[in-house]
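Student: Hi, I've got a new model to look at. Can you walk me through it?

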Amino acid sequence: MWGLFESSSDSQSVTKIIKTFFTKQENASQWREYALCSQTNPIAFFPDKGGSTRDAKSVCTSCVVRDECLEYALTNDIRYGIWGGKSERERRQLKKDNDLAIELVS
Ligand code: SF4
């Protein structure tokens, strides 16, 4: 996503995120087993700054665990990459909208 791969530490962070996401852990959520992106190049989900998100989002459109993926990214405040078909900026906006809605209700 934005600012990705600008430095080697960013690149290492992304690699760590990708490995964490695709590594099945004992307590890993079941939904990851159905992640459509696991059948594609995961790098497409972490484009360079200004890079296209179209291919990744296209895959997400057909993914059966899109909602679970997006919820995971929002819950864990994941800042990089495409999750649940949303970019970092789009997820930030979703959070803002959600916070505003909660504020209005309370
Ligand atoms: S919604 Fe997209 S990023 Fe999430 S698991 Fe599915 S294909 Fe992967």
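**A loop residue, then the helices**

Tutor: Start with D77, which lies in the loop between helix 3 and helix 4 (88-105). Helices here are DSSP runs of H or I with at least four residues, strands are runs of E with at least two, and both are numbered from the N terminus. The model is predicted: local features need pLDDT of at least 70, side-chain atom pairs count only at pLDDT 80 or more, and totals for chains, interfaces and linings use all residues. Residues are numbered from 1 along each chain as its sequence is written.

Student: What is the phi of D77?

Tutor: D77 has a positive phi of about 50°, although it is not a glycine. Most residues other than glycine have a negative phi.

Student: Is D77 buried or exposed?

Tutor: D77 is exposed, with 9 other C-beta atoms within 10 Å.

Student: OK, the whole chain. How many helices and strands?

Tutor: There are 4 helices and 0 strands. Buried residues make up 21% of the 106 residues.

Student: Which residues of helix 2 are buried?

Tutor: A56, V59 and C60 are the buried residues of helix 2. They cover an arc of only 100° around the axis, so they sit on the same side of helix 2. That arc is taken from the directions from the helix axis to the C-beta atoms.

Student: Why would they line up like that?

Tutor: An α-helix has 3.6 residues a turn, so residues three or four places apart point the same way.

Student: And what is on the face turned away?

Tutor: That face of helix 2 carries the exposed residues R54, S58 and T61. On the buried side, the cover includes helix 3.

Student: What does A56 touch?

Tutor: Leaving out residues up to four places away in sequence, A56 touches A44, F45 and I82. Contact means C-beta atoms, placed from the backbone, within 7 Å.

Student: New topic: the ligand. Which residues come nearest?

Tutor: Of the 14 residues around the ligand, A35, C37, C60, C63 and C69 come nearest. Near means a C-beta atom, placed from the backbone, within 6 Å of the molecule. Helix 2 (54-61) and helix 3 (66-75) are the elements that give two or more residues to this shell.

Notes: A residue is buried if 20 or more other C-beta atoms lie within 10 Å of its own, exposed if 12 or fewer, and partly exposed in between; C-beta atoms are placed from the backbone. Two residues are in contact if their C-beta atoms, placed from the backbone, lie within 7 Å.
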